[in-house]
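Work through the exercises below with the model open. Try each task before reading its solution.

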Amino acid sequence: MVDGAPLRKAVFLDRDGVINRAWIKNGRPFPPPSPADFSLLPGVAAAVRRLHAAGYLIVVCTNQPDVATGRQSREAVEAMHAKLRSWLPVDDIRVCYHIDEHDCTCRKPRPGMLTGAAAALGIDLGRSYMVGDRWRDIEAGQAAGCFPILIESDYSECRPDPPFIRVSSLAEAAAFIINRDTHNESSAMPSVHGLRVKIFADGADLASIERLYADPIIKGFTTNPTLMRKAGVSDYEAFARKVLTIVPDRPVSFEVFADDHGEMETQAKHIQSWGPNVFVKIPVTNTRGESSAPLVRRLAAEGVQVNVTALFTLDQVREITDALHPEIAANISVFAGRIADSGRDPMPIMAEAVEIMKARPKAELIWASPRELLNVFQADAVNCHIITATPDILKKLELVGKDLDQFSLDTVAMFYRDAQAAGYSIDIGRCAAE
Ligand SMILES: [Mg+2]
């Protein structure tokens, strides 16, 4: 984990009987006999995606003692987990291959798999959940300090000791978890200080860039030709160089303005030469809809830090992620706000984009075109790395956590002031006469 980063919430999941169908023999559950028999239970994929999109790390913790007893090979278990990773957004899979006689620290009901994952991934166990179908899962969750949730079964074996809650499926567990935390967190005071998402300022006016650079909450800057035109910028390079004297040590994006990929390449290399903190914005296609992926691949291979912009779909995210270089920093800007303008919820798209981009750990996802301050918290919830914010949204940061009764009073006072200032009046006498 990153030193100093806030701890994350996780949902620990048992495997057999929770994620995949278990084989029942003599009233007791067993793992599927082979990878070909490994299949998800109904509703599991949607439930895991929902939890993941809500910001929970998904960690599978499974006892597989049949490996120690020789009833199943380790290769078979690993093949099942390769399937699991291809089907679901899991952050980690921890396996205990021991039997009780080995007296290990990982076999549930001992909490070693949970505490090990917590140390490795930076998990706050006290805000995390353990979902299982057997007493061993529940007691491991209790021992780790997590909130235990038992999926009810008719297994012929002992039941765990309280405390835990019972549900009928992983889908029900996911709904419970999200509902419980939404309730707890909505009554808590939101704060900008707990945010992991980095806020970049979107702008093209030197005075405000200078003012924002003085604010440590602003971790970088982006510009675009539309904003620069509005700000009256005429000499592009002179403007960019002035920006870089104000901001010498945080990322700044400048966009190419050609429409031909060859010209974009020449411009990109020139723009990159302006400074080590420069990211070159490349539109995902040109105006003819031709993909910029081959250009991005060439630039990234030459060490140019790109910020590929105007992405709207996960297919575009996949194509551009693949074109990036594993060793070179890059940004991908997905226009979450414009996606929302089309009536679609951008959160699941952004959550999935984060997953796709894990193939290039030096690349960061930007939540672009935000529409309201809440988007900063939504971006944070789906582990999006960066959000660009316009001055309108940045101004609202001071309202985060504001007391709602006071906010109500201020709003009433504003209506009154404005009505007074406009000189509105209602002629009561005339109404009464009619
Ligand atoms: Mg189980």
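Predicted model: local features only at pLDDT ≥ 70, side-chain atom pairs only at ≥ 80, totals over all residues.

**Exercise 1. Find the range of the contacts.**
Task: among contacts between residues at least 6 apart in sequence, what percentage join residues at least 24 apart?

Solution. Apply the contact criterion: C-beta atoms, placed from the backbone, within 7 Å. Keep the pairs at least 6 apart in sequence; 65% of these contacts join residues at least 24 apart.

Residues are numbered from 1 along each chain as its sequence is written.

**Exercise 2. Relate the two domains.**
Task: how many residues of domain 1 are in contact with domain 2?

Solution. Take the bounds from the domain assignment, which is automatic or from a database. They are 10-186 for domain 1 and 198-399 for domain 2. The C-alpha centres of the two domains lie 38 Å apart. Now list the contacts: five residues of domain 1 meet seven of domain 2. On the domain 1 side, three are nonpolar, two polar and none charged. Here Ala, Val, Leu, Ile, Met, Phe, Trp, Tyr, Cys and Pro count as nonpolar, Asp, Glu, Lys and Arg as charged, and the others, Gly among them, as polar.

**Exercise 3. Check helix H3.**
Task: which residues of H3 are buried, and which are exposed on the other side?

Solution. Helices (H or I, at least four residues) and strands (E, at least two) are DSSP runs, numbered from the N terminus. Start with length. H3 covers residues 74-87, 14 residues. The expected span is 1.5 Å times one less than the number of residues. That gives 20 Å, and the end C-alpha atoms of H3 are 20 Å apart, which agrees.

Next, burial. Buried means 20 or more other C-beta atoms within 10 Å of the residue's own; exposed means 12 or fewer; partly exposed lies in between; C-beta atoms are placed from the backbone. Ala76, Val77 and Met80 are buried. They fall within an arc of 100° seen down the axis, so they line one face of H3. The arc is that of the directions from the helix axis to the C-beta atoms. Glu75, Glu78 and Ser86 are exposed on the other side. The cover over the buried residues includes helix H2 (66-69) and strand S5 (92-96).

**Exercise 4. Locate the largest nonpolar core.**
Task: which helix gives the most residues to this core?

Solution. A nonpolar core is a set of buried Ala, Val, Leu, Ile, Met, Phe, Trp, Tyr and Cys residues joined through C-beta atoms within 7 Å. The largest has 60 residues, with Val296, Val334 and Met350 making the most contacts inside it. Helix H14 (residues 346-357) gives the most, seven residues.
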